[in-house]
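This report covers fold, pockets and nonpolar cores. The sequence and structure come first.

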Amino acid sequence: MKKLILLSMVIFSGLLFGQNIELVKKIVQQINQTKDFKIITVPYSYFMDQSEVTDNGIKLKGFYKNGKLRKMEHFVGLSAWNIVTEYFFSDNGELAFIYSKKYQTLDENGYLKNPKLLSESRYYYEKDKLIKSVEKSDNDEKTDYLKESENLINHLKNYQD
């Protein structure tokens with residue numbers, strides 16, 4: 001009997017988990033199909049004033065619809081690679097999904113004409129809690145994306161003021 005209850009709980013939680021991922025995918029699809037965003041771009045000069053300096057710049061874009069932040073694109077250019085991260089937010093402003101890619105831009109022969117994809121990661125959130133991650137990575141670096149998203153939102157707000 002205990003095994004049957006345990007098995008039922010595992011199956012039920014798997015069904016709920018799968019439904020949550022599908023909801024996140026719908027949110028991302030809806031945002032990606034949205035037109036006419038108001039886009040706020042925070043330039044590298046702003047980050048330099050905040051003492052955030054990299055070899056090849058930083059750029060942050062906020063995509064707003066009806067006054068709500070729906071998406072952010074964050075670019076960080078380091079000496080040998082670039083990191084591009086997209087943040088997606090639900091209708092109520094909660095973090096829903098993150099898609100991050102890291103590209104190698106420099107090797108022993110100099111800068112690459114076609115940057116090489118080193119890693120690609122997807123993070124699914126519900127009520128500001130990570131519910132699933134899919135990582136194709138060559139490194140062990142871990143980023144607290146929830147904290148990072150809050151930091152980037154603050155940069156957008158400060159830049160607009």
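How much space lies in the second largest pocket?

## Second largest pocket

The second largest pocket holds about 170 Å³ of space. A pocket here is an open set of points on a 1 Å grid over the protein atoms alone, where a 1.4 Å probe fits, with protein on both sides within 12 Å along at least five of seven lines; lining residues have an atom within 4 Å of a point. The volume is the space filled by probe spheres set on the points, which are joined across faces, edges and corners.

Two or more lining residues come from each of α1 (2–33), β5 (95–107) and β6 (110–126), and α1 gives the largest share, 4 residues. The lining includes N20, L23, V24, I27, Y125 and K127. By class it has 6 nonpolar, 3 polar and 3 charged residues (Ala, Val, Leu, Ile, Met, Phe, Trp, Tyr, Cys and Pro are nonpolar; Asp, Glu, Lys and Arg are charged; the others, Gly among them, are polar).

## Model and fold

This is a predicted model, in which local features need pLDDT of at least 70 and side-chain atom pairs count only at pLDDT 80 or more, while totals for chains, interfaces and linings use all residues. Residues are numbered from 1 along each chain as its sequence is written, and side-chain values use heavy atoms, with hydrogens and water left out.

The protein has 3 helices and 7 strands, in the order α-β-α-β-β-β-β-β-β-α. These are DSSP runs numbered from the N terminus: helices are H or I of at least four residues, strands E of at least two. Of the 161 residues, 34% are buried (under 20% relative accessible area, 1.4 Å probe, protein chains only).

## Nonpolar cores

The largest nonpolar core has 19 residues, and L60, L69, M72, Y87, F89, I98 and L156 are those with the most contacts inside it. Such a core is a set of buried Ala, Val, Leu, Ile, Met, Phe, Trp, Tyr and Cys residues joined through side-chain atoms within 4.5 Å. Its largest share, 4 residues, comes from α3. Apart from it lies another core of 12 residues, among them I21, V24, V28 and F97.

Beyond four places in sequence, L60 is in contact (heavy atoms within 4.5 Å) with residues including I40, F47, M72, L152 and L156.

## K71

K71 is in strand β3 and counts as buried because its relative accessibility is 9%. K71 and F88 lie 17 residues apart in sequence, with their C-alpha atoms 4.5 Å apart. Beyond four places in sequence, the contacts of K71 include I31, K61, E86 and F88.

Methods:
Buried means under 20% relative accessible area, exposed over 50%, partly exposed in between (1.4 Å probe, protein chains only).
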